[in-house]
Amino acid sequence: MKKDYYEILGISRNATAAEIKKAYRKKAIQYHPDRNPGDAEAEAKFKEAAEAYEILSDPDKKARYDQFGHNAFEGPGGFGGGHHMNMEDIFSQFGDIFGDIFGGSSGGFGGFSSGRSSRAARVRGSDLRVKLKINLEDIIKGGKKKIKIKRLVKAPGTQYSTCHQCGGSGRVSRITNTIFGRMQTTGTCPVCHGTGQVLERRGEGSDANGMIKKEDIIEINLPKGVRNGVQLRVGGKGNEAPGTNGIPGDLIVQLKEVPDPKFKREGNNLHYEMYVSMPEAVLGTEKIIETPHGKIKLKLEEGLQSGKILRLKNKGVPDMNTHQLGDLLVNVNVWTPKKLTSEQKEFFKKNFNHPNFQPAPSKAEKSFFEKIQDLFS
Ligand SMILES: [Zn+2]
């Protein structure tokens, strides 16, 4: 069971912001690792107090905590409480906590006395977002695609050097004389912003960080069955970070599906409007459809009705997860001629009332709604 944040700081639920800050300051001094070397219990209490302060000093987080308790910060819906605070985070909070009462530094810069890491932060380059147009064939076949991007890289001639302020550690500490004794506080180096490096020389045409945009061709692996708006992340192919020990960001490829002129996609199924002539519908014939799966020969029975839907199994789009293929649904449209010769007209006039030409839908000729129901059953 997690302890109540107010209890940890020893304050009432009605404490003001100033009272919360004062209470935390007291606990932080009491349990500071430099005053309790090797005392694990003190360290745990120090962290606990920092976490409580992190939440209660933020009006939004405090309001959520007051309403939901610790549940407000747990699970995927929570917005991150103090659970992940490490010592570095805690010490970086100290600027605000002690700065205003104890005033400026009197001891100058001091070395590290605690055992925490003094490695500089690795700066991560920003993510690069690009759009990629894909057509139906790409979606069905998947596979390799090349994209041209422009990413930030270090310009030729750009040089970095170790930060003189922090000696490359990215952090500076100072000893302050306080009414409680000598205190050491640590914070991010103001000169290099924690990277441990500064720009020594800017390469030609580079920006303020020594970076330049460079064209690059990236090959990505397109999964089968993707949809419009799907984003593919290519690790490390985004913008590079300034400095020599940074890591590049990611490339995020947003897919833009170009509608196919012939086949209409509906989920994993494809719809195709097929037009047949009146003689073809009456006498039956063979039709060839060019599909993304290749040519498909369709045998049309005689007496084919307009509105019939022919289902071609597994000729649709693969499912993104299961790779199971959807179907190709061919909608039959019988084309009624608009211009006829007098002979042709004569033929239809002669047969105007002939029983063979009278509509007589049987049970087999399903209504539009029954067909739709069938498709989804
Ligand atoms: Zn520095």
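Where is Lys131 placed? Lys131 sits in strand 1, residues 128-134.

## About the model

This is a predicted model, in which local features need pLDDT of at least 70, side-chain atom pairs count only at pLDDT 80 or more, and totals for chains, interfaces and linings use all residues. Residues are numbered from 1 along each chain as its sequence is written.

## The chain as a whole

The protein chain holds 9 helices and 15 strands. Both are DSSP runs numbered from the N terminus: helices are H or I with at least four residues, and strands are E with at least two. Of its 377 residues, 21% count as buried, a label for residues with 20 or more other C-beta atoms within 10 Å of their own, C-beta atoms being placed from the backbone.

Among contacts in the protein chain with a separation of 6 or more, 66% come from residues 24 or more positions apart. A contact here is a pair of residues whose C-beta atoms, placed from the backbone, lie within 7 Å.

## A look at Lys131

Lys131 is exposed because 10 other C-beta atoms lie within 10 Å; exposed residues have 12 or fewer, and partly exposed ones fall between exposed and buried. Leaving aside residues up to four places away in sequence, Lys131 touches Gln254 and Lys256. Its C-alpha atom is 8.4 Å from that of Ile252, 121 residues apart along the chain.

## Strand 15 and its partners

Strand 15 (residues 328-335) pairs with strand 11 (residues 269-277) in the parallel sense over 8 bridges; pairing requires at least two DSSP bridges between two strands. Here Met274 stands opposite Val332.

Strand 14 (residues 309-312) runs antiparallel to strand 15, joined by 4 bridges. Leu312 has Leu328 of strand 15 as its bridge partner.

Key. Contact = placed C-beta atoms within 7 Å.
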